[in-house]
Amino acid sequence: MSGMVTAVSSNSEYSFTKPNRASIMLLAGLGVEGDVQAGVTVKHRSRVAQDPSQPNLRQVHLIHEELFTEVGEDGFNMAPGEPGENITTSGIDLLGLPGGALLRIGDEAIVEVTGLRNPCLQIDNFQDGLLKKVVGRDEAGNIVRKAGIMSVVQVGGVVRPGDTITMEPPDEPHRPLGRV
């Protein structure tokens, strides 16, 4: 399975959106250099309030550009970085990856997939009603999260738009992604 980076984004301040950049630097064990979510322990405000010593399983947020087209059919307009991701992708089924999958991005960087992004009400502050488009239920009543995946940096490196992404699956048995 492979895909491509279509945009990269980071923000040194707490904000829902992240400005696009020409490149970002991934730092092993930390996340995106200069990004407010970078660190060994959790940085998301609600998670810090629960337990600030939790490991940061949300160092790098990836979202598939195909989601922008999907929600666009319902009248929502999203561009790379606006929903807060660090890496926007195309051509790779992020939501279908198993937990523990390794994504090799560009020439050097490797991230390990930790789980699904669990979007909060801030997404409705960005565009009213968008939360219902990125979190729903399947026919069996199971919650379906579409707002991308989270990962931790195993090997650092520069990531740029146009970089290739290849997936290395973890050892069997594969586990489906849960929310992180």
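I take buried to mean under 20% relative accessible area and exposed to mean over 50%, with partly exposed in between. I keep in mind that this is a predicted model.

F16 comes out at 16%, so F16 is buried.

Next I looked for aromatic pairs, and the count is 1. The partners are F16 and F126, with ring centres 5.4 Å apart and planes at 35°, which makes the pair tilted. I then asked myself where in the chain F16 and F126 sit. I found F16 in the loop between β1 (2-9) and β2 (20-21), while F126 belongs to helix α3 (residues 122-126). The two are 110 residues apart, so I noted the pair as a link between distant parts of the chain, because that is what the positions show.

**Entry: the nonpolar cores**

I turned to the largest nonpolar core, which has 24 residues. Which of them touch the most other members? My list reads L26, L62, I87, L103, I105, I149 and V159. Two or more residues come from each of β1, β3 (24-27), β5 (60-64), β7 (102-105), β8 (109-116), β11 (149-155) and β13 (164-168). The most come from β8, which gives 4 residues.

Leaving out residues up to four places away in sequence, I see L103 touching L62, I92, L94, L97, A109, I110, V111, V113, I149, I165, T166 and M167.

Another core, of 12 residues, lies apart from the largest one.

Note on methods:
Residues are numbered from 1 along each chain as its sequence is written. This is a predicted model: local features need pLDDT of at least 70, side-chain atom pairs count only at pLDDT 80 or more; totals for chains, interfaces and linings use all residues. Side-chain values use heavy atoms; hydrogens and water are left out. Rings of Phe, Tyr and Trp (its six-membered ring) pair if their centres lie within 6.5 Å; planes under 30 degrees apart count as stacked, over 60 as edge-to-face and the rest as tilted. Buried means under 20% relative accessible area, exposed over 50%, partly exposed in between (1.4 Å probe, protein chains only). A nonpolar core is a set of buried Ala, Val, Leu, Ile, Met, Phe, Trp, Tyr and Cys residues joined through side-chain atoms within 4.5 Å. Contact means heavy atoms within 4.5 Å.
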